[in-house]
2 protein chains.
Amino acid sequence: MRKINPHDFKVARRGTSREINRQIALNLIRAHQPISRADLARLMNVRRGVASLLVSELLSESLIFEGALGEAVGRGRRPTFLYIDSRQRCVIGVDIRASRTYLLVTDLMGKQLGVVSSFQTNKDSNVLTQELSRRIKQILIDYKEIGVCEGVGVVVPGMVDPALGRVLHAPTLGWRDVSLRDPLAAALGLPVHIENSGKACALAQLWTTRSDVVASANSVFVSVSDGVGTGVVVNGELLRGRHNTAGEFGHVPLSIDGPRCSCGATGCWEAYVSNLATLSRYFGRDLADTRPRDAESATFTVEDLIARARAGDAKALAAINSTARYLGLGLASIINSLDPARIYIGGEITTAWSLIEPIVRGAVRERTLTEFGGTTEIHIVPAEEHPRLRGAVALVAAPAFAAPMVA
Amino acid sequence: MRKINPHDFKVARRGTSREINRQIALNLIRAHQPISRADLARLMNVRRGVASLLVSELLSESLIFEGALGEAVGRGRRPTFLYIDSRQRCVIGVDIRASRTYLLVTDLMGKQLGVVSSFQTNKDSNVLTQELSRRIKQILIDYKEIGVCEGVGVVVPGMVDPALGRVLHAPTLGWRDVSLRDPLAAALGLPVHIENSGKACALAQLWTTRSDVVASANSVFVSVSDGVGTGVVVNGELLRGRHNTAGEFGHVPLSIDGPRCSCGATGCWEAYVSNLATLSRYFGRDLADTRPRDAESATFTVEDLIARARAGDAKALAAINSTARYLGLGLASIINSLDPARIYIGGEITTAWSLIEPIVRGAVRERTLTEFGGTTEIHIVPAEEHPRLRGAVALVAAPAFAAPMVA
DNA sequence: CGTATATGTTCCGCGTTTAGACAAAATCCC
DNA sequence: GGGATTTTGTCTAAACGCGGAACATATACG
C-alpha cells in the first residue's frame, strides 16, 4: 500500500501500459530463457498476440534474439526460442579498493567474459582515472570480439553520490568530495556509473541470474573485510536513503563503551568484527594502536589466522569465535530492524564459515526478538564470485531490465 | 531502479492507465483541495478533457464532490471546486494499550469527529472484543449523523500479522497468537484491519493531511513510552519485512553488556530510554527489579519526573538528560542504517523536548557518520495528536488513496 | 456590448489491450 | 499415407483510454 507522492508522480501516458508489459516480458525472458512466445503469453496471462507484439518490439531493439526451434512437447508446431541478446555487448566492472583495483568484463547478463585483472591502487584520483582509462581501453582492444561496451560500473569503499558521480568520503582511500564519474566518462567516451561497494554487493545478489539461487527482493548484504559494509534491498530496490548513506550498519554500536572504531566513534559493530578487529584480538592489541608492528603481525592476514585456527591453534580459534559471536549479535540487529528474507555475508571471514556457522546462528537466535527472525536465511558469498565486481556490472546492465517508474 | 519480480508481477491491462491516473487525480485533490478540473489537469500535465473524465468517474463513485464555484482569478469562467467526499462516511480507530483502550471516530480524511473515549483494557481478548464491539456500536448510534462506517482500524502494542488478522505476540497484554480481526469483524459486520502500533504511528504521519507539515515518503517514527516502538516508511510505503516484524529498533543494543530488557536480552535501546528505564534511573533501581515498590515510586510517572526537572530537581533533570543522550545515540543508529529524511518522536518524553533537544541533537551528531546525517530533521509529535489512533484510522482510510500495484 | 480569457465538454485520432479467427507445423491415429 | 488434432505464431476487429483540438459557457475589461 504505497502512498502516491503528490509532488513527484508519474502520470500514465498512452505508451505506459506497453512500457510496463515490455519490461515484464524482458524480465521473464531473462529469468526463463530459452522461452517461446506462447509460454511467455501463458506466464504473463495475456493473449499470444500481445506477447508477439512485445517480442517483436524487443527483437527490433536487439534486446533479445530468436534462437533455434525447440522440441515440440506433444503435438503441434515447434516453438521458436527467445534469448536475451547479450552477444556483441559487454560491460566493464571496476572495484576500487584501498590496496588494489580490480577489473572484470562481462556480457549483459553478467556472465564473466575474461579473467579478473588488477593493479595497485594509486590514491591520487587523477592518476587512478588515467590508469583506469588506459587499462579499460586496452581490454576493449584485446577482447575486440566481445563487441561494443555498454558502459563502466565503478564501485568505491565509501560514501558516494551516484547522481552527481562524486565520491563524498572514502576514508581508506583518503578521498573527500572527489569527482570520479565525469573524468572517467570523458576519458573513455563511455557511460560510467559509480556506487558504494556495500550497496553494489547487494545489487549483485538482487540481479544475479544463477539458476540455483532465486534472488530475494528483501535482503541485506554484509561485507566483512577491513571494514564492514552493508547494502539493503527493499521491495526489489536498493535502499539509498536521503543522502545515499543508508545501510551503514557497520557503525551501529554493539557497545557504546566498546573499542574505538576508524569512524571516530566507539563500540561500532565494525570495531568488533572487521578483519582488523579480529587480528587485533588475536595479537592482544588495541584496534586504534598505530604503532609500528613487528614483522609477523604487519603482514599477517585473517586468512592466515583462519588457517591457524583450522590447524588447531586455540588462540586463533578463540579470536575467530569471538568475531563469529559478535557477527551474529550484529546480524540480529539487522534482523530486528529490517526483518529481511535473507542475509548474504561476504568477505574473508566466509572461508571460515564451516567453523563459525553454529556460533553465528546461536548469537543471532540469542538476540532476535522472534523465532522467525532467528531462522532468517544466511547465505555465504565466496570471494570467487566477486560480488563487488558483479555489483559494479549490475550498475550498467540492470537499468535495461528495471521496472518503469509509474504513479 | 526496481527489479521486476519474475514470480510476482502485475501486467498492465486495458484499464491500468486509467486506474493509475484516477488514483493520482484523487491524491492531488486530497492534497490540494479545493481544486478545479483545470488546475488538476495542469498539475497532472494532461489535457483538461482527460482530467474531466477522471473527475466524472470519481464523482460517480462519490469519492469526491463538486462544491461552490471559486473566484475567477482574472477574466474567464469561474472554476468549480472539487473536494474529497468525506461526508456521511466515518472510520473508527482503536488503540489497545496495556492499561486502557482508546477509541476515536474520524471522517475519511482523518478529521476528528468526536471526542477520544477510553475504557480499561481487559486482557482476555474475548471479553475485550465484546466490550469493543458494544462500544463501537454505541458510538455509531450516538453519532448517527456522521453516516456509514467504512471500517475499524485496530492498533496493538506487539507483533501482528495483518494478513491473517492475528496478534502473534503482545508481551504487555500477555497475548500470544490471538485472533482479533475476524471475531471483531463478525461481531460488528464491518471490515477490520489490525496493525502494530509503532507501524501505525508511522502511517499516521505518512497519511496526515495537515497543511503545515508535508508528509515525508522516507521517515521513521520512534515512540518512546513504556517500551520503544518504531515504524519505518520507505518510498511512501510501510516497511513490513518478511514477517511484518521490521522496525524493532527498540531492541537494537546500545551496549550488549547494558541493563536487562523486557525482551530478555541486555542493553537494548529500549532498556535505556523507555519511561521505565528513565524512572528506574531516577530511583536508582534496577530495571528488572520487580519487587514491590514504595507508594511514591509505584504511581510516579515520567510526566511527574519531567515536572520535577522543570521545577529545578537536579536529580530528575540528570535522569532525563541521560535518557536524552541515549535517545540521541539510538537515533544515530537509525540514521546510519536508514538515512531517513525525517524522524518523528512520540511519547511522554516529548513533553520535555525543550529541555532535552540540545542533548539529543548533540548525541545524534556524536555518532552519525556524516554531517548530513547529523542534521536529519527531527519532529516532535505531541500526544494530543493521537498518532496511534490516527494510524489506526489510516489503516482503513488509506487504501482508497493508495497507488495501484503495477509491474 | 463586443472582445478577450478561462473553464469545462465533446469529438475524433491513435496506440494498446482483448478476443477471436486463421495459417503453419508437428503429432496421432486409422 | 492422409485426415484429425493440437500447438505456435500472425492477423484483424473491437473496446478502452490518452492526445489534441474545437466548441460552448462564463466572467472581466474597455
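## How the two copies line up

To compare copies, we superpose them by least squares on the C-alpha atoms of residues with pLDDT of at least 70 in both. Do that here, and a rotation of 180 degrees with 0.0 Å of shift along its axis puts chain A on chain B, with an RMSD of 0.1 Å. The two copies are thus related as by a two-fold rotation axis. In chain A, the C-alpha nearest that axis belongs to A:Ser255, 1.8 Å away from it.

A quick word on the model: it is predicted, so local features need pLDDT of at least 70 and side-chain atom pairs count only at pLDDT 80 or more, while totals for chains, interfaces and linings use all residues. Residues are numbered from 1 along each chain as its sequence is written, and chains are lettered from A in the order in which they are written.

## Where the chains touch

Say two residues are in contact if their C-beta atoms, placed from the backbone, lie within 7 Å. Then 68 residues of chain A are in contact with 68 residues of chain B. On chain A's side, α1(A) gives the most, with nine residues (helices are DSSP runs of H or I, at least four residues, and strands runs of E, at least two, numbered from the N terminus).

100% of the interface residues of chain A are also interface residues in chain B, so the copies meet through the same surface.

In chain A, three strands form an open, antiparallel sheet in the order β7-β8-β9; strands pair if DSSP finds at least two bridges between them. Three bridges join β7(A) to β8(A), and A:Met159 has A:His169 of β8(A) as its bridge partner.
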